[in-house]
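Colleague: I am new to this structure. Please take one part and walk me through it closely.

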Amino acid sequence: PGGCPAPCECSEPAKTVKCVNRNLTAVPPDLPPYVRNLFITGNRLARLPAGAFPAQRLPDLSALNLSGNHLRVVEAGALAALPALRQLDLSGNPLVSLSPQAFGEGGSPLEELGLRGAVRDRGVLLSLGAMLQAGALRNLSRLELADNGLLLLPAGAFAALLALRQLDLGDSSLVGLRNASSQAPGQLQGLNLSDDSLGLLRNGTPAQLRGGPPALRHIGPARNAWLCDCAVEDLVAWLKEGDRAEGREALACAYPDKVLGKALLKINGSDLNCSVPVDLPSQLQTSYVFLGIVLALIGAIFLLVLYLNRKGIKKWMHNIRDACRDHMEGYHYRYEINADPRLTNLSSNSDV
């Protein structure tokens, strides 16, 4: 007890243990109880089983770094019962399974969680959303979800994080902010959106930012490929009216070529060359009315032609009636001959 595991480096004065790039496949079971800062990085853990960090042996562990371990599965209870845990970094692990009960039934005092590049699997994203919604990490003040290729976020994923101050969603593929802004808790102060796909933001999104958390002071939308068409009018107006966007002076247009490199703050209506938008439902309604008028006109013309040619049509109908009657009489005559044997013999002799 109190010793240092063979593959690790320990410093009791600094309360630190480092097990870095040692090809470990499991957490060392004989970690010293004094450890507060534990680095197990660059190994090959693959799986984090239940009870991987027993609380009775690690009562003071407050910072745990498990980044870059090829970790794929985090089982229920794997990070449970660590009463002093405040910082956890799982970045750079290709997670495919993250149990919503990874921190146990009672939750965790965790304040900072790093998941950079670790939530690329949709199932893991949904499990994380369920964990956050259940309040297992209600004390989180900083959450890093950058570099995960996220398109949209689970609805209400951050609603239970009442202590959240910093949310990092950079280096993703986000195309909408509805769940990142309007549903974020009221104390959110910083929102990083750099290097996302927000160049396709449409009108109405700035209104979501205005209606977002009142304490939100810093939004980092830098280095996005902004498409400067009519859809960015609201965004330009929002950038000009306030200073909540960090580095807003550096935001520039990437498309089309005529405004390439021009700052968004200097964009005006003539650059966008916007015309009055066409109301599609009204256009469809007009088309249906026009089609109805055309069909009614064709029907009226048809009825008029029938009326003008009523005598010819009447004569034509009489001719058809007479022809049908003559034809039916011929059939009736043949039927009578075939039905009477005497007439049949007579008809045969007459033919001879």
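Predicted model: local features only at pLDDT ≥ 70, side-chain atom pairs only at ≥ 80, totals over all residues.

Modeller: Now step back into the helix itself. H1 covers residues 122-133, twelve residues in total. From the first C-alpha to the last, H1 reaches 16 Å. That is close to the 16 Å expected at 1.5 Å a residue.

Go to the start of H1 next. There, Asp121 points a side-chain oxygen at the backbone of Gly123. This oxygen comes to within 2.9 Å of the Gly123 backbone nitrogen.

Which residues of H1 are buried? They are Val124, Leu125, Ser127, Leu128, Gly129, Met131 and Leu132. What do these buried residues pack against? Their partners are two strands, E8 (97-98) and E10 (142-144).

For a contrast in setting, turn to the surface. A nonpolar patch lies there, formed by Phe302, Leu303, Leu306, Ile313, Trp316, Met317 and Ile320. Together these residues have about 690 Å² of accessible area. Two elements give two or more residues each to the patch: helix H6 (280-308) and helix H7 (310-339). H7 gives the most, with four residues.

Methods. Residues numbered from 1 in each chain as written. Heavy atoms only, no water. Patch = residues over 30% accessible without salt bridge, like charges linked within 9 Å, V, L, I, M, F, W, Y side chains within 5 Å. Areas by Shrake-Rupley, 256 points an atom, 1.4 Å probe, with all protein chains shown as cover. Salt bridge = Lys/Arg side-chain N within 4 Å of Asp/Glu carboxyl O. Expected span 1.5 Å × (residues − 1). Buried < 20%, exposed > 50% of the residue type's maximum accessible area, 1.4 Å probe, protein only. Contact = heavy atoms within 4.5 Å. Polar contact = N/O pair within 3.5 Å; in protein donor to acceptor, adjacent residues only side chain to side chain.
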